[in-house]
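Reader: Please show me the structure, and then let us go through some of its features in turn.

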Amino acid sequence: MEYLSIFSLLFNLTLSSATPLIFAALGSMLNENSGVTNIGLEGLMTAGAWTGVVVALFTHNPWLAFLCAGLAALLFASLYALSVIYLHANQIIAGIAINFLAPGVVIFLNRLIFNGSVSSPALMLEYKMPRPFAQIFQNNPSGILSNFFNFYCVVYLAFVAVIVLWYILYRTRLGLHIRAVGEHPHAADTMGINVYRLRFSCLLGSGFLVGLGGASITLAIVSGFRPSVISGQGFIALAAVILGQWNPLGVLSSCLLFGFFRALAVFLDGPTVNLQVSPHLWATLPYICSLLVLVFAAKRSQGPASLGKPYIRS
């Protein structure tokens, strides 16, 4: 029973840790399938994380907060899309700019709203995203069933997003157009596909999904915003896209792998194991694994042929 309890705890921590990565990686995968690289996920997640918790604090409606978080990140994504698609700015530099701009704006607004503090007040439990099965398993004495099934609803929404995006990319004409634009934009243009508009739309959808990933942290995993709340998860999501070969199901598997490493770090740092090792060392585990994955997976990774290349209509 003890081993089952440990397994159920790791299972719960893995899915909870993977959920923000799934949203962010799906968003990145969408724009990269259209041929645009966006390394500004960290900034977009920060914008979504801050907006979600602030809207929840003032409206007491977590669903509205979740939606507004996606829209806030979409707003920053539209600035990025305008600069790289229509103004032909360098995609890497524009992504770095978003990573500085979005956190700077939200911290400035946070100081204005909360009397100079860079962190938001704690969000009360009833204003966080609901747990659909909380009442069903609350009387489970061992807590095992609760660990297996009692998740915040954002976990289930992340899996729904994987299925929906897979269907769009591989079972619809829109998905065929997106992949065609990512592979051969000039050929797609000659077939009557508006490359600029399609890439712009994909970046907006990407920004919305990434914002949901940020909000799933502050509305479910933690109870408030602070500047370090994202702490590199945007870059881990980028690694998950490469490891997942730009496929929704592969991205899901990669995010679950990285989520497991984060869960393992939390578990090893907890009182159950008590290895007398600095918690800062365990905190580096997911990032070390991300680097190793990139080193070994980058050689065999084959992204869209036009990924990162600006399209200029001749």
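Reader: How much space lies in the second largest pocket?

Author: This is a predicted model, in which local features need pLDDT of at least 70 and side-chain atom pairs count only at pLDDT 80 or more, while totals for chains, interfaces and linings use all residues. Residues are numbered from 1 along each chain as its sequence is written, and side-chain values use heavy atoms, with hydrogens and water left out. A pocket here is an open set of points on a 1 Å grid over the protein atoms alone, where a 1.4 Å probe fits, with protein on both sides within 12 Å along at least five of seven lines. Taken as the space filled by probe spheres set on the points, the volume of the second largest pocket is about 320 Å³.

Reader: Which residues lie nearest the centre of the second largest pocket?

Author: The lining, meaning residues with an atom within 4 Å of a point, has 17 nonpolar, 2 polar and no charged residues. Helices H1 (2-33), H6 (153-171), H7 (173-183) and H9 each give two or more residues to this lining, helices being DSSP runs of H or I with at least four residues. Of the 19 lining residues, those nearest the centre are Leu30, Val164, Leu165, Ile168 and Leu209.

Reader: Is glutamine 91 buried or exposed?

Author: Glutamine 91 is placed in helix H4 (residues 91-113). Apart from neighbours within four places in sequence, glutamine 91 is in contact (heavy atoms within 4.5 Å) with residues including Tyr80, Val84, Lys309 and Pro310. Because its relative accessibility is 6%, glutamine 91 counts as buried.

Reader: How many residues of helix H2 are buried?

Author: Helix H2 covers residues 41-59 and reaches 26 Å from its first C-alpha to its last, close to the 27 Å expected at 1.5 Å a residue, a span found as 1.5 Å times one less than the number of residues. After H2 comes histidine 60, with a positive phi near 60°. H2 is mostly covered, and of its 19 residues the number buried is 17.

Note on methods
Buried means under 20% relative accessible area, exposed over 50%, partly exposed in between (1.4 Å probe, protein chains only). Ala, Val, Leu, Ile, Met, Phe, Trp, Tyr, Cys and Pro count as nonpolar, Asp, Glu, Lys and Arg as charged, and the others, Gly among them, as polar.
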